[in-house]
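Subject: Structure handover

Hi,

Here is the structure I promised to pass on. Please open it first, then read my notes below.

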Amino acid sequence: MRLGTMLCGAVGLLGLGCYNYLPLRRSTLTPSTYLAVTLTESGSEELASYLGPNAHVVRGRCLAVTDRGLAVSVESVESHRGDIAHWTGETVVVPAEFVRALEQRQVSRSKVVLLAGAAVAGFVVAYQAFGPASSGGFSGGGGAGPSPR
């Protein structure tokens with residue numbers, strides 16, 4: 001029972017990574033959409049005081065599209081080298097002229113199916129190896145001990 005609970009927890013955590021980023025038009029953007037904003041070179045330089053040096057991709061939830069730009073509740077910022085800085089939802093406004101690409105995060109059905117299949121296969125193998133039907137008990141090699149006197 002404990003193994004099943006641990007397996008379900010692991011599958012839940014791994015399920016968080018089952019996403020794809022798909023291109024998004026600014027006109028179809030709605031608040032609360034989880035997105036990745038790829039910055040231009042000038043945007044990276046201009047927003048360095050807010051996002052840190054060499055910021056390349058800003059990931060988070062869209063709060064609003066305003067005349068000043070795109071308001072994002074930032075969850076992480078990826079640098080040009082691939083380093084990821086995790087944030088706690090601070091709001092940053094990214095002006096439209098600093099946006100090179102805009103992508104929306106969507107659940108990848110194929111990754112979810114693949115993960116679920118691997119989890120089920122792992123559970124079956126673990127159950128056969130450690131479950132009640134397994135024959136891998138300890139064998140003591142002796143019968144009953146000496147009789148009491």
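The notes below go from the overall fold to the strands, then to a loop and a surface patch.

Keep in mind that this is a predicted model.

**Overall fold**

The chain has four helices and six strands. Along the sequence they follow the order α-β-β-α-α-β-β-β-β-α. Of the 149 residues in the chain, 29% are buried.

**Strands β2, β3 and β4**

Start with β3, residues 55-65. It pairs with β2, residues 34-39, in the antiparallel sense over five bridges. It also pairs with β4, residues 70-79, again antiparallel, over nine bridges. Ala-36 stands opposite Arg-59. Ser-76 in β4 stands opposite Arg-59 too. When you look at the side chains here, recall that in a regular strand they alternate between the two faces of the sheet.

β3 and β4 form a hairpin with four residues between the strands. Gly-69 in this hairpin takes a positive phi near 145 degrees.

**Asn-54**

Which residue other than glycine has a positive phi? Asn-54 does, with a value near 60 degrees. Most residues other than glycine have a negative phi. Asn-54 sits in the loop between α3 (48-51) and β3. Is Asn-54 buried, exposed or partly exposed? Its relative accessibility is 47%, so Asn-54 counts as partly exposed. The exposed class needs over 50%.

**A nonpolar patch**

Four residues form a nonpolar patch on the surface: Val-120, Phe-123, Val-124 and Tyr-127. Together they have about 360 Å² of accessible area. Val-124 lies in helix α4, which spans residues 109-130. Val-124 counts as partly exposed because its relative accessibility is 39%.

**Where to look**

Take Arg-59, with Ser-76 opposite in β4. Take Asn-54 in the loop between α3 and β3. Then take Val-124 in helix α4, one of the residues in the nonpolar patch.

Best wishes

Note on methods: Residues are numbered from 1 along each chain as its sequence is written. This is a predicted model: local features need pLDDT of at least 70, side-chain atom pairs count only at pLDDT 80 or more; totals for chains, interfaces and linings use all residues. Side-chain values use heavy atoms; hydrogens and water are left out. Patches are made of residues with over 30% relative accessible area and no salt bridge: like charges are joined within 9 Å, nonpolar side chains (Val, Leu, Ile, Met, Phe, Trp, Tyr) within 5 Å. Accessible areas come from the Shrake-Rupley method with a 1.4 Å probe; for residues, only the protein chains shown count as cover. A salt bridge is a side-chain nitrogen of Lys or Arg within 4 Å of a carboxyl oxygen of Asp or Glu. Helices (H or I, at least four residues) and strands (E, at least two) are DSSP runs, numbered from the N terminus. Buried means under 20% relative accessible area, exposed over 50%, partly exposed in between (1.4 Å probe, protein chains only). Two strands pair if DSSP finds at least two bridges between them.
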